[in-house]
Amino acid sequence: MNNQIPKEYTSLGTLIVSVYTAGGAIPIEGALVSVRGANQNGSGIISVLYTDQSGNTPRISLPAPPASTSESPGGITPFATYNVEVAKENFYPKSFINVPIFAGTTSIQPANLIPKTEYEGQALVPNEEIVTESQNPDL
């Protein structure tokens, strides 16, 4: 893991992935959540977890640049980015690209999965949904 994380990531932020269906009405227990580094040096799997009965993963600690990096313009980006993949049998998988993680902050990534049975026998079947987060979030 150490060779995947940039050396300037000396702090930690945390991430919780919340997986549900029906627009947030039904949590999905047992969904497989994989977290990967989003930069060129950190594309390997960092963490693999399963959701609990409330549809949430345990809190994942992830390396991030220190908050002080936001005080100097032109320096390194004040957040780390990670890719999150969510899968569960009988649901279409979903991927999130460039999820920002800030030092000392917990980010919550919602993931609304679509059941495969909703589309059986219909002409339109959704592919894996990939959501790209903003490279530079408005702070």
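**The aromatic pair and its surroundings**

Analyst: This is a predicted model, and it holds 1 aromatic pair. The two partners are F79 and F102, and their arrangement is tilted, with 5.2 Å from centre to centre and 45 degrees between the planes. Those two values are given because a pair of aromatic rings is described by the distance of the centres and the angle of the planes. The pair links distant parts of the chain, since F79 and F102 are 23 residues apart. F79 sits in the loop between β5 (60-64) and β6, and F102 sits in the loop between β7 and β8. F79 counts as buried because its relative accessibility is 6%, and the cut-off for buried is under 20%.

Another phenylalanine, F91, is placed in the loop between β6 (80-87) and β7 (94-101). F91 has a relative accessibility of 16%, so F91 also counts as buried. What does F91 touch, leaving aside residues up to four places away in sequence? The list is T21, I28, L113, I114, P115 and K116.

Phi of N90 is near 70 degrees, a positive value in a residue other than glycine. Most residues other than glycine have a negative phi. N98 is found in strand β7, and N98 is buried because its relative accessible area is 13%.

Now for the setting of these residues. The protein chain has 0 helices and 9 strands. Of its 139 residues, 40% count as buried. Among contacts between residues at least 6 apart in sequence, 65% join residues at least 24 apart. The chain exposes about 8000 Å², of which carbon and sulfur atoms supply 49%.

The largest nonpolar core has 24 residues, and those with the most contacts inside it are L15, V19, L62, Y82, V84 and V86. Two or more residues each come from β1, β3 (32-37), β4 (45-50), β5, β6 and β7. The largest share, 4 residues, is from β6. Not counting residues up to four places away in sequence, L15 touches a number of residues, among them V35, L62, V84, V99 and I101. S107 and Q109 are also touched by L15, and both belong to the covered face of β8 (residues 106-112).

That covered face of β8 consists of S107, Q109 and A111, while T106, I108, P110 and N112 make up the uncovered one. Which strand pairs with β8 over 7 bridges? Strand β1 (residues 11-21) does, in the parallel sense. Within this pairing, T14 has T106 of β8 as its bridge partner.

How values were computed: Residues numbered from 1 in each chain as written. Predicted model: local features only at pLDDT ≥ 70, side-chain atom pairs only at ≥ 80, totals over all residues. Heavy atoms only, no water. Buried < 20%, exposed > 50% of the residue type's maximum accessible area, 1.4 Å probe, protein only. Pairing = 2+ DSSP bridges. Contact = heavy atoms within 4.5 Å. Phe/Tyr/Trp six-rings, centres within 6.5 Å; stacked < 30°, edge-to-face > 60°. Areas by Shrake-Rupley, 256 points an atom, 1.4 Å probe, with all protein chains shown as cover. Core = buried A, V, L, I, M, F, W, Y, C linked by side-chain atoms within 4.5 Å.
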